[in-house]
Amino acid sequence: MTSNERPSWDDVFLELARTIASRSACFRRKVGAVIVRDGKYPVSLGYNGAPQHQPNCTEIGFCYRDKHDIRALHQLEKCRAIGSHAESNAIAIAARQGHSTKDCTIYVIGHHTICVQCRGLIANSGINRVVLENEDGERLVFVPSKDWVEHEVDLE
C-alpha cells in the first residue's frame with residue numbers, strides 16, 4: 001500500500017482486533033474480536049480471558065491446561081476462558097450495553113477457526129458476516145446463514 005492509499009475497513013477492523021487481542025490474559029493464544037455495524041461503526045470489542053469476577057491465568061501465574069498437558073480442543077471445560085472467548089465476550093458486552101448485533105460483521109484475529117460454541121453464539125446473535133484472519137495470515141470470510149448450516153458432527 002502506498003502512502004496515498006487508504007486501508008479497507010476490513011483491514012482497519014482486523015488491526016483493531018489485533019490490538020484488542022493484546023489485552024488477552026491467556027498464555028496459549030491472544031484472540032481479539034470487533035463487532036461492526038453498517039461496515040464502519042464499532043459496536044463492541046472482546047478478547048479471550050476468564051469471566052468477570054474470576055482470576056485469569058496471568059493473575060494466577062499459570063495455565064491450568066498447560067500445567068496438566070491438556071491438548072488444544074480437548075477438555076475445554078478446564079480452561080479459565082471457556083465461555084469467554086473473544087467472540088462471545090464481544091457479543092456479551094454488546095448485549096450488556098444494549099447494542100444490537102443483528103446484521104453486523106464480527107472481525108476476529110488470533111486463532112485458526114471459530115469454535116463450534118462461538119459459531120452458535122454468532123449465528124444466534126444475528127451477526128451476518130464473519131471475517132477471520134487466521135494464524136497463517138489468511139483472511140477467511142463466512143456468512144453464517146450459508147457457511148454454518150451443518151454442525152461439525154454431521155460432517156464426520
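**View 1. Lys 102 and its salt bridge to Asp 103 in the predicted model.** Lys 102 has a relative accessible area of 53% and is therefore exposed (buried means under 20% relative accessible area, exposed over 50%, and partly exposed in between, with a 1.4 Å probe and protein chains only). Asp 103, at 48%, is partly exposed, and the closest N and O atoms of the two residues are 3.4 Å apart. A salt bridge here is a side-chain nitrogen of Lys or Arg within 4 Å of a carboxyl oxygen of Asp or Glu, and by this rule the count comes to 7. This is a predicted model, in which local features need pLDDT of at least 70 and side-chain atom pairs count only at pLDDT 80 or more, whereas totals for chains, interfaces and linings use all residues. Residues are numbered from 1 along each chain as its sequence is written, and side-chain values use heavy atoms, with hydrogens and water left out.

**View 2. The salt bridge between Arg 139 and Asp 11.** The closest N and O atoms are 2.7 Å apart, and the pair links strand β5 to helix α1 (residues 9-21) across 128 residues; helices (H or I, at least four residues) and strands (E, at least two) are DSSP runs, numbered from the N terminus. Arg 139 is partly exposed at 37% relative accessibility, as is Asp 11 at 30%.

**View 3. The salt bridge between Arg 28 and Asp 66.** Arg 28 lies in the loop between α1 and β1 and Asp 66 in helix α3 (residues 64-67), so the pair ties together parts that are 38 residues apart in sequence. Both are partly exposed, Arg 28 at 33% and Asp 66 at 39%.
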